[in-house]
Amino acid sequence: MQQVWNGIDQPEQMDRELKGQRLGVVSGGGAVDKNLCPAVDVLCRRYQVTALFNTIYGIRGEFMYGERVPSYVDRVTGMEVESIFNRERIAPTPEMLSRVDTVVFDIREAGTRFFEYLHCCAAIMKACAAAGKRMVVLDRVAPIGGVAVEGTVCPPTMHTIVGDYGLASRTAMTMGEFARYVNGEYGVGCDLTVIPVQGWRREMYFDQTDLPWLLPSPSLNGTTANLLYAGMCIFEGVRTVSEGRGTSKPFELIGAPWMDGRELAARMTARRLPGVDFAPVYFKPASSKHAGQVCQGVQVLVRDRQAYASFCTAILLLDTIREMYPEQIAWEDNSAGHDVLQPPSQPLFTRYLDKLLADADYTSGVVDGEGLIAKHAAARQNYTRRKAKYHLYD
């Protein structure tokens, strides 16, 4: 295990940036220091915190996916927590920011553009720039490494909460690097400081560090689930196929009541995809799609994560299910996901999977999975070059 210190674990650097200022804190349930103390408590004890802001799951991970909480009182600090993640706003208002000098952002991320905290971070940066406030990002390790770039790339006109800023599906950046990238590439103009991680290298996964894994969101229960999420999240856009939410193996179990798991496993095994095996499986989700129903499908077993390609595996799995059961596939519309304020975006995707893929050609049948990956090859290379300017780690 490599010893690693996240931004919250570096009090001297924090003191230089935060002492003597009124702070607004944006944090989440997975953000703790090495002593397992929530970041919000570390900051409230050490500095003058005058505002707490809730994004998706609450500052301590109190809420589930899709819950809408305009404001609430934090039980530990007794402070009001104001929502900046709803139909009215996606960042603090000028009135909210009038009570602070600096916004401190410390949230675990997932290494994927679907993880809505990226959009939240960028929106807060824009609000800070407009209000003349500083923003300090307490950086954390990239949980599935900072090397592999995968998937599709958002077109320049796409501005949604699950895809923006020309990002690839698997981003290969830390949150601090993402903030630098958005600030530099898109001219946000935020007075930004990143307190970097110490001891982490780009090729390292979370479970190669001595850091504790606390849930960054309810369904990401470990490094393997996080790696699978980088691809299997696309099944959130398929109304009739469970991605394992509501089970103990989210994103590892893919199936439906009408599926033949043995046949699907055999067909996927025949594809000889690198670093992964497929086992036929039965499962019954307790919530989400097909709740209470027995599903058949596959368990996706990552054998070699250096060889495993998250996005490619997921899109080829969906290809295979479409080939086997063309009449059973139904796409989610844009009511899926979080119903929050989003800026004008083109193209006007009508299917949620199109938003997750940043491309409508797959659902419309113009390309298959391999064609979709090939279509975005040049864009992935360009994105990889662009983001490298903002790297903080070797």
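Here is a short tour of a predicted model, with stops at its sheet, a helix and some cysteines. Residues are numbered from 1 along each chain as its sequence is written, and side-chain values use heavy atoms, with hydrogens and water left out. Local features need pLDDT of at least 70 and side-chain atom pairs count only at pLDDT 80 or more, while totals for chains, interfaces and linings use all residues.

**The sheet.** Start by selecting the seven strands, which form an open sheet in the order β3-β4-β2-β1-β5-β6-β9, with mixed pairing. Strands here are DSSP runs (E, at least two residues), numbered from the N terminus, and two of them pair if DSSP finds at least two bridges between them. At the edges, β3 (71-73) and β9 (191-195) each pair on one side only.

**Two strands side by side.** Next, pick residues 22-27 (β1) and 48-54 (β2): these strands run parallel and are joined by five bridges. Which residue of β2 stands opposite L23? Look for V49.

**A helix on the sheet.** Now select residues 175-185, helix α5, which packs on the sheet and touches β5 (102-106), β6 (134-138) and β9. A helix is a DSSP run of H or I with at least four residues, and contact means heavy atoms within 4.5 Å.

**The cysteines.** Finally, how many disulfides (pairs of cysteine sulfur atoms within 2.5 Å) does the structure hold? The count is zero. Select C120: its sulfur lies 8.7 Å from the closest cysteine sulfur, in C121, too far for a bond. For C312, the nearest cysteine sulfur, that of C233, is 17 Å away.

Note on methods: A disulfide is a pair of cysteine sulfur atoms within 2.5 Å. Axes are lines fitted to C-alpha atoms, for helices over the stretch in contact, and angles run from 0 to 180 degrees between N-to-C directions.
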